[in-house]
Amino acid sequence: MRLLQVAQPTTEGTAVVVAQLARAAVETGHEVIVACPDDGDLRAWATDAGASWVELPMERRPSGADLAAVRALRPLLPAYDVVHLHSSKAGAVGRIAAASLPRRRRPPVVFTPHGWSWYSSRRLGPAYLRFERWAARYADATIPVSQEEYADGLAHLRGRGGLQLIENGIDTDAYAPGSEPREKGLLVCVGRLSEQKGQDRLLRAVQRLRVEDGRDDVRLVLAGDGPAYGELRELAVVLGISDHVTFAGRVDPVPLYRSAAAVVMPSRWEGLSIAMLEAMATGNAIVTTRVGGSGVLDGAGVFVDGTSDEEVVASLADQLARLLDDPGLRERTGAAARARAVERYSVRRVAEDHLALWDALARERHRQD
């Protein structure tokens, strides 16, 4: 089988999933090509996994460059047995390119949004949803990565797109608890520095803990990079907590997970966060907002309430204080999270589900030919 994987993100969660699936397909004997922008980590991850790489410039936000990406991708598609599109932007570009081909030259298309496009903008959400309803007819399978995302797809896509739930997974051996004691008061947040990930909420909660509650031992490490870097650094200064916040950049998160008293996931929206699964596998006590995929932590984590940013910040500070004051709660939820990750979210299970789907689509295409 010749498999083309297309992705716009080249760092963090979505890119990790693409690299995982590329490795699994190569190890199974398939030919894999990854098409993505020439930045970030994905190019190196894909080639290290034994896949080939093709440059396909794309930007996260809608722009005139999207038409160029469609034109570049369109002639590539007929050469592949299956095309798998990862992220809303790759899904848009790839399905438009597929729609422009005669049906006999159109390969089977799989689309994984990693968080529906309409999650990302209150203003543009209705337009994104209308597009998704149109584009869904050009996906043979659409793969939500969490129960919540799957339910939203069923509710909004009106039976289109061939929805199939395949939740994300991680290497539970690589992400395992360490032997060293965790650092008292150390909070860790791993993810792209962006509005989506909600690090601004976490900074305000840390300010409440340190300044209003007088918790001098609370420190925060933000691991990751992204468009909100400058804004977040400035906010830390304005809040008077810059000396207690470390911007670690894109680093190996495992040592941070293993040393953290708690891992915080203050996202505004998600599909199923890879960082959350990593933290679960590393046995962390986790505090999270109620977004897509957070249900994996039911009974194994601490949830933040509220809809407005102000409500979320207040609840976040309260729940962090509760967790930091209760070593038993941290130990219990961390152990439960680790057990659940090992049982349900191994990368091996995810790869097997995708391989079965790709093989079925490729066989059906060849049968029709």
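In this briefing a residue counts as buried under 20% relative accessible area, as exposed over 50% and as partly exposed in between, with a 1.4 Å probe and protein chains only. By that definition leucine 4, at 1% relative accessibility, is buried. The structure is a predicted model, in which local features need pLDDT of at least 70 and side-chain atom pairs count only at pLDDT 80 or more, while totals for chains, interfaces and linings use all residues. Residues are numbered from 1 along each chain as its sequence is written, and side-chain values use heavy atoms, with hydrogens and water left out.

- Leucine 4 belongs to strand 1 (residues 2-7); helices (H or I, at least four residues) and strands (E, at least two) are DSSP runs, numbered from the N terminus.
- Apart from neighbours within four places in sequence, leucine 4 is in contact (heavy atoms within 4.5 Å) with Ile33, Ala35, Leu73, Leu77, Tyr80, Val82, Val83 and His84.
- From C-alpha to C-alpha, leucine 4 and isoleucine 33 are 4.9 Å apart in space and 29 residues apart in sequence.

**Helix packing**

- Two packed helices are described by the angle between their axes and the distance between the axes. Axes are lines fitted to C-alpha atoms, for helices over the stretch in contact, and angles run from 0 to 180 degrees between N-to-C directions.
- Helix 1 (residues 12-27) packs with helix 13 (residues 347-368) at an angle of about 65°, the axes being 10 Å apart. Helix 1 is therefore roughly perpendicular to helix 13; angles of 65 to 115 degrees count as roughly perpendicular, under 35 as roughly parallel, over 145 as roughly antiparallel and the rest as oblique.
- The crossing of helix 1 and helix 13 is right-handed. A crossing is right-handed if the near helix is turned clockwise from the far one by less than a right angle, and left-handed if anticlockwise.
- On the helix 1 side, Gln20, Leu21, Ala24 and Ala25 meet Val347, Val350, Ala351, His354, Leu355 and Trp358 of helix 13. The contact of helix 1 with helix 13 has eight nonpolar, two polar and no charged residues. Here Ala, Val, Leu, Ile, Met, Phe, Trp, Tyr, Cys and Pro count as nonpolar, Asp, Glu, Lys and Arg as charged, and the others, Gly among them, as polar.
- Helix 10 (residues 274-281) and helix 12 (residues 327-344) pack at about 110°, with axes 7 Å apart, which means that helix 10 is roughly perpendicular to helix 12. Leu277, Met280 and Ala281 of helix 10 make this contact with Gly334, Ala337, Arg338, Arg340 and Ala341 of helix 12. The residues in the contact of helix 10 with helix 12 comprise five nonpolar, one polar and two charged.
- The axes of helix 4 and helix 5 cross at roughly 40° and come within 11 Å, so helix 4 is oblique to helix 5. The crossing of helix 4 and helix 5 is left-handed. Ala92, Arg95, Ile96 and Ala99 of helix 4 meet Phe131, Glu132, Trp134 and Ala135 of helix 5. By class, the contact of helix 4 with helix 5 has six nonpolar, no polar and two charged residues.

**Aromatic pairs**

- The structure holds six aromatic pairs. Rings of Phe, Tyr and Trp (its six-membered ring) pair if their centres lie within 6.5 Å; planes under 30 degrees apart count as stacked, over 60 as edge-to-face and the rest as tilted.
- Phenylalanine 131 and tryptophan 134 form a tilted pair, because their ring centres are 5.8 Å apart and their planes stand at 45°. They are three residues apart in helix 5 (residues 125-135), and so separated by about one helical turn.
- Phenylalanine 131 is partly exposed at 25% relative accessibility, and tryptophan 134 is partly exposed at 33%.
- Tryptophan 134 and tyrosine 138 also form a tilted pair, with ring centres 5.2 Å apart and planes at 55°. Tyrosine 138 is buried, at 19% relative accessibility.
- One aromatic cluster consists of Trp116, Trp118 and Tyr119.

**Individual loop residues**

- Arginine 106, in the loop between helix 4 (88-99) and strand 5 (109-112), is buried at 18% relative accessibility. Not counting residues up to four places away in sequence, arginine 106 touches Ala98, Ala99, Leu101, Tyr138 and Arg365.
- Serine 87, in the loop between strand 4 (82-86) and helix 4, has a positive phi near 95° without being a glycine; serine 87 is buried at 5% relative accessibility.
- Arginine 158, in the loop between helix 6 (147-156) and strand 7 (186-190), has a positive phi of about 60° although it is not a glycine; arginine 158 is exposed, with a relative accessible area of 58%.
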